[in-house]
Amino acid sequence: MAEEKEKNTLRGLMLSPASAGEILIGKSLLTLAFTGVTLALSIFFVGYEIPNVPVIIAALFLSGLFYTALGTLLGLVTKTVMEASVALLPVMFVFGLTPLIDAIINQYPGLSFWNICLICS
């Protein structure tokens, strides 16, 4: 969405007979479809054996839907692609690196949030 605004093509889309909701849903569905294909190919090439297929598919779909909506929202709020990339960094850090942060805290308990709060107070 930020790229559409930056290149002034969003104005042309808004003048089309499609509503704003239809445009957003269409762009988001395309992104969600590419995400699904990428996930399916990754699972196939890695050879991951899915223990409970319906649960994993539902979880991946909901996760993809959440991240697509979040990316679309950030694209609407920002004006340029560079600004969108910078705005996306904290979101990627919080949601993408949570397993890594959890592993580090489990290995080094002194880095946990509660210990830092106790030291500061």
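Me: Thanks! At roughly what angle do the axes of helix H3 and helix H4 cross?
Reply: This is a predicted model, and in it H3 covers residues 20–46 while H4 covers residues 53–77. Their axes come within 10 Å. The crossing of this pair is right-handed, and its angle is roughly 135°.

Me: Are H3 and H4 roughly antiparallel or oblique to each other?
Reply: An angle has to be over 145 degrees to count as roughly antiparallel. H3 and H4 cross at roughly 135°. The two helices are therefore oblique.

Me: Which residues of H4 make the contact with H3?
Reply: On the H3 side you will find Leu-24, Ser-28, Thr-31, Leu-32, Leu-39 and Ile-43. By class, this contact has eight nonpolar, five polar and no charged residues. The H4 side is made of Leu-60, Phe-61, Gly-64, Leu-65, Thr-68, Thr-72 and Leu-76.

Me: Which helix gives the most to the lining of the second largest pocket?
Reply: That pocket has a volume of about 210 Å³, and its lining includes Leu-32, Leu-39, Ile-43, Leu-60, Phe-61 and Gly-64, each of which also takes part in the contact of H3 with H4. H3 and H4 each supply at least two lining residues. With six residues, the helix that gives the most is H3.

Me: What class are the residues where H4 meets H5?
Reply: H4 brings Phe-66, Tyr-67, Leu-70 and Leu-74, and these meet Ala-87, Leu-88, Val-91 and Phe-95 in H5. The contact has no polar and no charged residues, and eight that are nonpolar.

Me: And which residues of H6 make the contact with H5?
Reply: H5 (residues 81–96) and H6 (residues 98–107) have axes that come within 5 Å and cross at roughly 55°, so they are oblique to each other. H5 contributes Phe-93, Val-94, Phe-95 and Gly-96. The contact divides into five nonpolar, two polar and no charged residues. From H6 come Thr-98, Pro-99 and Ile-101.

Technical notes: Residues are numbered from 1 along each chain as its sequence is written. This is a predicted model: local features need pLDDT of at least 70, side-chain atom pairs count only at pLDDT 80 or more; totals for chains, interfaces and linings use all residues. Side-chain values use heavy atoms; hydrogens and water are left out. Axes are lines fitted to C-alpha atoms, for helices over the stretch in contact, and angles run from 0 to 180 degrees between N-to-C directions. Helices (H or I, at least four residues) and strands (E, at least two) are DSSP runs, numbered from the N terminus. Angles under 35 degrees count as roughly parallel, over 145 as roughly antiparallel, 65 to 115 as roughly perpendicular and the rest as oblique. A crossing is left-handed if the near helix is turned anticlockwise from the far one by less than a right angle, and right-handed if clockwise. Contact means heavy atoms within 4.5 Å. Ala, Val, Leu, Ile, Met, Phe, Trp, Tyr, Cys and Pro count as nonpolar, Asp, Glu, Lys and Arg as charged, and the others, Gly among them, as polar. On a 1 Å grid over the protein atoms alone, a cavity is a set of points where a 1.4 Å probe fits but cannot get out, and a pocket is an open set with protein on both sides within 12 Å along at least five of seven lines; lining residues have an atom within 4 Å of a point. Grid points are joined across faces, edges and corners, and a volume is the space filled by probe spheres set on the points.
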